[in-house]
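Before reading on, please look over the sequence and the model shown here, with an eye to fold and charged side chains.

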Amino acid sequence: MITHELVEKINALWHKQKSVGLTDEEKEEQRLARQEYLAGIRGQMRDMLDAIKKPDSLHNQDDTGCSCDKCSKH
């Protein structure tokens, strides 16, 4: 899960890396924080894609391809 604290930690470690460098422990902390962030992004994308409904599942469509009840194509 992506939290505000996680983003702040990643940003703080990045700024420290650019200014004075990181210790081996901090590099590992940065790696793990980035992995957690990317896992959160992947999870959000997976949830968004799972929420998309295929046209076939929206309505019962006939062979005209129209899914509304009101058009004259039926």
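Buried means under 20% relative accessible area, exposed over 50%, and partly exposed in between, with a 1.4 Å probe and protein chains only. This is a predicted model, in which local features need pLDDT of at least 70 and side-chain atom pairs count only at pLDDT 80 or more, while totals for chains, interfaces and linings use all residues. Residues are numbered from 1 along each chain as its sequence is written, and side-chain values use heavy atoms, with hydrogens and water left out.

The protein contains 3 helices and 0 strands, where helices (H or I, at least four residues) and strands (E, at least two) are DSSP runs numbered from the N terminus. Of its 74 residues, 12% count as buried.

Two pairs of charged side chains deserve a look. The structure holds 2 salt bridges, a salt bridge being a side-chain nitrogen of Lys or Arg within 4 Å of a carboxyl oxygen of Asp or Glu. In one of them Lys 16 pairs with Glu 26, with 2.5 Å between the closest N and O atoms; this pair links distant parts of the chain, since Lys 16 belongs to helix H1 (residues 4-19) and Glu 26 to helix H2 (residues 24-51), 10 residues apart. Glu 26 counts as buried because its relative accessible area is 16%, whereas Lys 16, at 31%, is partly exposed.

Glu 28 and Arg 31 also meet in a salt bridge, at 2.6 Å from N to O, and both lie in helix H2, 3 residues apart, about one turn of the helix. Glu 28 is partly exposed at 35% relative accessibility, and Arg 31 is partly exposed at 39%.
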